[in-house]
Amino acid sequence: MAGTESNPATAVERALNILEATAERREGLTNSEISHKLAIPKSSASYILRTLERRGYLRRDRVSGRYHLGLKILSLGGDARANLDLAEVALPFMQALQERIHLTIHLAVLDQGEAVYIEKVEAPGFFKVNTWVGRRMYLHSTSVGKCLIAGLPRPEVESLLQQQGLKKRTPKTITSLTKLLTELELVRAQGHAVDNEENSLGARCVAVPVSGANGAAIAALGVSGTLTQMDEANLPRILEALKETGRRVARQIQRGGALAPG
């Protein structure tokens, strides 16, 4: 096989093996060394190496011809570590909040035009929220999504929304950019966002931004439940507890530590 990888699964496995092998050798590896070490045909190794180099995952020393890990790998690792640290800091506060209000708690971050859950504390009981850590959600139809973009400049908001569009998830989803921008103004004014059956019928969610050191939202903390669980009588109590937790998580993040909530 020359120039291409006909089996996608094989190509992916080989690419990952190449990255791992390169990471283990501080001095780097040549094409021939990689081919021999991993038992990959040299033509296949060359194709994968060129692709990884072009995408920034590997860099090639022009003098020695050896491949080393590229900056793209380092940036990915940094992003992953940052999210893991954030989830670690927030988890005990989320657990305390769940015990206080008995509803499901989510922590989400903005990634490539979507809100991604990086932590979840499930509430006990019959009603289960169909979410998981790693699930990607729309920005316009979720409370966490609205919180993540409410503080961004309008051009950036529009650019992010164009990536996924304003898909109609339910009859109550906001699908007009003008209406959504007005909604985001309300989020900024109130300090929280609401998803009132906009992403899933029968469910209501509220969220607050979690601010970093510069005051910008680095995450969103959300609460999800049924319409009955989060009715007009219960919502003020839930929001008060959620906002208090959001502030405590933000303070702990800004101090740079993961201490248990008092």
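Modeller: I begin with Glu183, which counts as buried at 18% relative accessibility. The classes used here are buried for under 20% relative accessible area, exposed for over 50%, and partly exposed in between, computed with a 1.4 Å probe on protein chains only. The model is a predicted one, in which local features need pLDDT of at least 70 and side-chain atom pairs count only at pLDDT 80 or more, while totals for chains, interfaces and linings use all residues. Residues are numbered from 1 along each chain as its sequence is written, and side-chain values use heavy atoms, with hydrogens and water left out.

The partner of Glu183 is Lys146: their side chains meet in a salt bridge at 3.2 Å, N to O. The term denotes a side-chain nitrogen of Lys or Arg within 4 Å of a carboxyl oxygen of Asp or Glu. Because Glu183 belongs to helix H7 (residues 177-190) and Lys146 to helix H5 (residues 143-150), the pair ties together parts that are 37 residues apart in sequence. Helices (H or I, at least four residues) and strands (E, at least two) are DSSP runs numbered from the N terminus. Lys146 is also buried, with a relative accessible area of 0%.

This is a structure with 11 salt bridges. Glu33 and Arg66 form one of them through their side chains, at 2.8 Å, N to O. Here Glu33 is in helix H2 (residues 31-38), whereas Arg66 is in the loop between strand E1 (58-60) and strand E2 (67-69), so parts that are 33 residues apart in sequence are tied together by the pair. Glu33 is partly exposed, with a relative accessible area of 27%, and Arg66 is likewise partly exposed, at 22%. Elsewhere, the side chains of Arg62 and Glu53 meet in a salt bridge of 3.0 Å, N to O, and Arg62 counts as exposed at 62% relative accessibility. Asp111, Glu114 and Arg136 are linked in a network of salt bridges.

The cysteines come next. With a disulfide taken as a pair of cysteine sulfur atoms within 2.5 Å, the count comes to 0. Cys147 is in no disulfide, as the nearest cysteine sulfur, that of Cys205, is 11 Å away, a separation too far for a bond. Both residues are buried, Cys147 with a relative accessible area of 3% and Cys205 with 13%.

As for the interior, a nonpolar core is a set of buried Ala, Val, Leu, Ile, Met, Phe, Trp, Tyr and Cys residues joined through side-chain atoms within 4.5 Å. The largest has 27 residues, of which Ile101, Ile105, Leu107, Val206, Leu221 and Val223 touch the most other members. Two or more residues of this core come from each of helix H4 (71-101), strand E3 (104-111), strand E4 (114-121), strand E7 (203-211), strand E8 (217-226) and helix H8 (235-255). Neighbours within four places in sequence aside, Leu221 has contacts (heavy atoms within 4.5 Å) that include Met94, Ile105, Leu107, Val144, Val206, Leu242 and Gly246. Apart from this core lies another, of 21 residues, among them Tyr117, Met137, Leu160 and Ala220.

Finally, Pro124 is located in the loop between E4 and strand E5 (136-137) and counts as exposed at 59% relative accessibility. From Pro124 to Asp231 the separation is 107 residues in sequence and 19 Å in space, C-alpha to C-alpha.
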